[in-house]
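Subject: Structure for your review

Dear colleague,

Please find below the structure that I am handing over to you. My notes on it follow directly after.

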Amino acid sequence: MGLKLWTHCNVASMQADADQPYGLIADAALVVQGERIAWVGPRRDLPTELLARCSEQHDAQGALITPGLIDCHTHLVHGGDRAQEFEQRLNGASYEEIARAGGGIQSTVQATRSATPAQLQEQAEPRLKQLLAEGVTTLEIKSGYGLALEPERKMLQVARALGRDHAVEVRTTFLGAHALPTEFAGRSDDYVDEVLSMLGVLHAEGLVDAVDGFCERIAFSPAQIARVFDAAQALGLPVKLHAEQLSDSGGAQLAAQHGALSCDHLEWLSEDGACAMAAAGSVAVLLPGAFYFLRETKLPPVEMLRRHGVPMAIATDCNPGTSPCSSLLLMLNMACTLFRLTPEEALVGVTRHAALALGLGDRGVLAAGLRADFVLWDVQRPAQLAYGLGANPCIQTIFKGTPR
């Protein structure tokens, strides 16, 4: 098999042990064999015998190359929108007040249940295409707007179809424990029983890559989430958690006890929660879009996460109620301006750490043997990716070694 070579580029490898910030390699060469990276390093060090095998050569014309971006927390598949609730919040109603009055997630559940699979896919594709245009090569899509077997299955099937129909890898997450459906009002434990039943069926059908839950006073208790996580682990599925978004419920400690891939949101994370996450190796997924859109004032404890060595990822949280955003580049800027991450931390958060948040060890870094997912950018320095507001300097995306 002939090799493909990219030269006249600077490569931000994002390797953790690199000497330079961003793992930056100036005047680099990158060689691809099939779907994998065969070699990456300074062009002057490219082995002659490897160069001789390169049947396809690409002049990157000075572009910056980074790993393909990874959006590790989205609710991309859903019906309708919630612009009316946006207006209600601006008129003084809180997110919790809207949810308790039957709005919030419940309104999206109604729209999602009534939509056909074709309609859901048609609505999701523009959001997906926006992400792809900004260099996203892997993303997670959660269910959780069906809250019953058939609509949850429908959401996950659409997510799988999006991955088949587009040059992107989609990881599916079952979020049956997202909210209490109206037909189970006052019977949350009974609904958790239903979630466990759904999980068994959907896993058997090959639709579930991971399991998530919403541990919060307007959602499910730690004891109820523990039941879901126990069932997931019995099936060999990794878990993650919407944790400490509106209050400190001890969800991070619970998730860490189950070896969670990630805990997401975390504005109200405690020191004990951070310690538990560090010990478990769980990634903190920060969601600046939701923080901004809800006009929150409680910042996630970034300095605490740094102090305990908890890896931080960044994601869009693309959803109709709290983060109707399909720009991961905008999230880089918001992570820096709102949460005070450095541009390097932000870029790590949508590459190496985002891969960890999905349990994927074969991407997020540019190194020999890893997936050949990478992006060519029309910028001189990596920090420019977090700097621009509304800018998209993506020149080309390579997915599994092939330009898309």
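In the lining of the second largest cavity, two residues are nonpolar, four are polar and three are charged. Please bear in mind throughout that the model is a predicted one. The residues around this second largest cavity are P67, G68, T137, T138, R363, G364, V365, R371 and D373. Its volume comes to about 40 Å³. In the structure as a whole, the search returned two cavities of 30 Å³ or more.

The largest pocket

The largest pocket holds about 350 Å³ of space. Its lining is made up of 18 residues, and A99, Q106, A179, L180 and I218 are the ones closest to the pocket centre. Two helices, α3 (95-100) and α4 (105-114), each contribute at least two residues to this lining. The largest share belongs to α3, with three residues. Sorted by class, the lining of the largest pocket comprises 10 nonpolar, seven polar and one charged residues.

Helix packing

Helix α5 (residues 117-133) and helix α6 (residues 149-165) have axes that come within 10 Å and cross at roughly 50 degrees. The two helices are therefore oblique to one another. Their crossing is right-handed. On the α5 side the contact involves P117, L120, Q121, A124, E125 and L128, and these meet K154, V158, A161, L162 and D165 of α6. By class, seven nonpolar, one polar and three charged residues take part in this contact of α5 with α6.

Helix α6 also packs against helix α7 (residues 188-204), the axes coming within 10 Å and crossing at roughly 40 degrees. Because of this angle, α6 is oblique to α7. Here, too, the crossing is right-handed. L149, E152, R153 and L156 of α6 make the contact with M198, V201 and L202 of α7. This contact of α6 with α7 contains five nonpolar and two charged residues, and no polar ones.

How are the axes of α7 and helix α8 (residues 222-234) placed, and at what angle do they cross? They come within 10 Å and cross at roughly 15 degrees. Angles under 35 degrees count as roughly parallel, so α7 is roughly parallel to α8. The crossing of α7 with α8 is right-handed. From α7, the contact draws on S188, D189, V192, D193, V195, L196 and L199, and from α8 on Q224, R227, V228, A231 and A232. Its composition by class is seven nonpolar, two polar and three charged residues.

In brief

- The lining of the largest pocket has one charged residue and 10 nonpolar ones.
- The α5 and α6 axes cross at roughly 50 degrees, those of α6 and α7 at roughly 40 degrees, and those of α7 and α8 at roughly 15 degrees.

Yours sincerely

Methods
Residues numbered from 1 in each chain as written. Predicted model: local features only at pLDDT ≥ 70, side-chain atom pairs only at ≥ 80, totals over all residues. Heavy atoms only, no water. Axes fitted to C-alpha atoms, helices over the stretch in contact; angles between N-to-C directions. Helix = DSSP H or I, 4+ residues; strand = E, 2+ residues; numbered from the N terminus. Parallel < 35°, antiparallel > 145°, perpendicular 65-115°, else oblique. Left-handed = near helix turned anticlockwise from the far one by under 90°. Contact = heavy atoms within 4.5 Å. Nonpolar A, V, L, I, M, F, W, Y, C, P; charged D, E, K, R; others polar. 1 Å grid on protein atoms, 1.4 Å probe; cavity = no way out; pocket = protein on both sides within 12 Å on 5 of 7 lines; lining within 4 Å. Points joined across faces, edges and corners; volume = space filled by probe spheres on them.
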